Amino acid sequence: MFQLRIYTLRSPQALTQYATVHWARHVPTFASFGVTTLGVWTERGRANRLVALIGYPAGADPERLTRHIMASAEFAADMAGFDVDDIIDVQTTLLDATTFSAIR
């Protein structure tokens with residue numbers, strides 16, 4: 001199962017810091033919990049949005065696993081130095097791959 005995550009940041013500076021420092025730190029942290037980061041992008045234009053596509057292990061409960069990761073010391077270390085109030089919105093969509101999808 002996959003999840004598309006869209007984060008809206010307060011400013012271009014917050015987006016740059018979140019994307020280049022903190023989300024980059026999340027990649028190995030997520031991997032240690034069995035979550036695969038398939039891609040991370042920033043949206044062109046003035047939207048201040050980061051888009052990430054992640055994959056959960058088979059049988060995982062995405063909500064429960066996300067809460068577990070976010071409560072971990074590793075995640076806290078990932079976020080050190082970032083004001084979480086600069087994240088003004090997070091949208092998530094769970095996705096199932098079709099049989100012809102390049103990513104399954």
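This is a predicted model: local features need pLDDT of at least 70, side-chain atom pairs count only at pLDDT 80 or more; totals for chains, interfaces and linings use all residues.
Where is Y18 found? Y18 is in helix α1.

What does Y18 touch, once neighbours within four places in sequence are set aside? The list is Y7, L9, W23, H26, L50, M79, F82 and I87. F100 is 82 residues away along the chain, and the C-alpha atoms of Y18 and F100 are separated by 33 Å. V84 is 66 residues from Y18 in sequence, with 9.5 Å between the C-alpha atoms.

Let's stay with V84 for a moment. V84 sits in a loop, between α3, residues 73–79, and β4, residues 87–95. V84 counts as partly exposed because its relative accessibility is 48%, which falls between the 20% and 50% cut-offs.

Back to helix α1. W23 is placed in α1. W23 counts as buried, because its relative accessibility is 1%. Leaving out residues up to four places away in sequence, W23 touches Y7, Y18, F30, T37, V40, L50, A52 and I54. Now look along the chain to I103. W23 and I103 are 80 residues apart, and their C-alpha atoms are separated by 21 Å.

Next, the core. In soluble globular proteins, nonpolar side chains tend to be buried together. How many residues does the largest nonpolar core have here? The count is 18. The residues with the most contacts inside this core are L9, Y18, W23, F30, V35 and L50. Which elements each supply at least two residues? They are β1 at 2–9, α1 at 12–32, β3 at 49–55, α2 at 62–70, and α3. Helix α1 gives the most to this core, with six residues.

Now over to helix α2, where I69 is found. Its relative accessibility is 5%, so I69 counts as buried. Setting aside neighbours within four places in sequence, I69 is in contact with T29, F30, F33, V35 and F75. Take F30 from that list. I69 and F30 are 39 residues apart along the chain, with 7.4 Å between their C-alpha atoms.

On to empty space. Rolling a probe the size of a water molecule over the atoms shows where empty space is left. What is the volume of the largest pocket? The value is about 250 Å³. The lining of this pocket has 17 residues. R5, Y7, T66, M70 and F75 lie nearest the centre of the pocket. The elements giving two or more residues to this lining are β1, α1, α2, α3 and β4. By class, the lining has 13 nonpolar residues, three polar and one charged. Notice Y7 in the pocket lining. Y7 also came up as a contact of Y18 and of W23. F75, likewise, is in this lining and in contact with I69.

One backbone detail. Look at N48, in the loop between β2, residues 36–42, and β3. The phi of N48 is near 55°, a positive value in a residue other than glycine. Is N48 buried or exposed? N48 counts as buried, because its relative accessibility is 13%.

To recap. Y18 and W23 are both placed in α1. Both residues are among those with the most contacts inside the largest nonpolar core. Helix α1 gives the most to that core, and α1 also gives two or more residues to the lining of the largest pocket.

How values were computed. Residues are numbered from 1 along each chain as its sequence is written. Side-chain values use heavy atoms; hydrogens and water are left out. Helices (H or I, at least four residues) and strands (E, at least two) are DSSP runs, numbered from the N terminus. Buried means under 20% relative accessible area, exposed over 50%, partly exposed in between (1.4 Å probe, protein chains only). A nonpolar core is a set of buried Ala, Val, Leu, Ile, Met, Phe, Trp, Tyr and Cys residues joined through side-chain atoms within 4.5 Å. Contact means heavy atoms within 4.5 Å. On a 1 Å grid over the protein atoms alone, a cavity is a set of points where a 1.4 Å probe fits but cannot get out, and a pocket is an open set with protein on both sides within 12 Å along at least five of seven lines; lining residues have an atom within 4 Å of a point. Grid points are joined across faces, edges and corners, and a volume is the space filled by probe spheres set on the points. Ala, Val, Leu, Ile, Met, Phe, Trp, Tyr, Cys and Pro count as nonpolar, Asp, Glu, Lys and Arg as charged, and the others, Gly among them, as polar.
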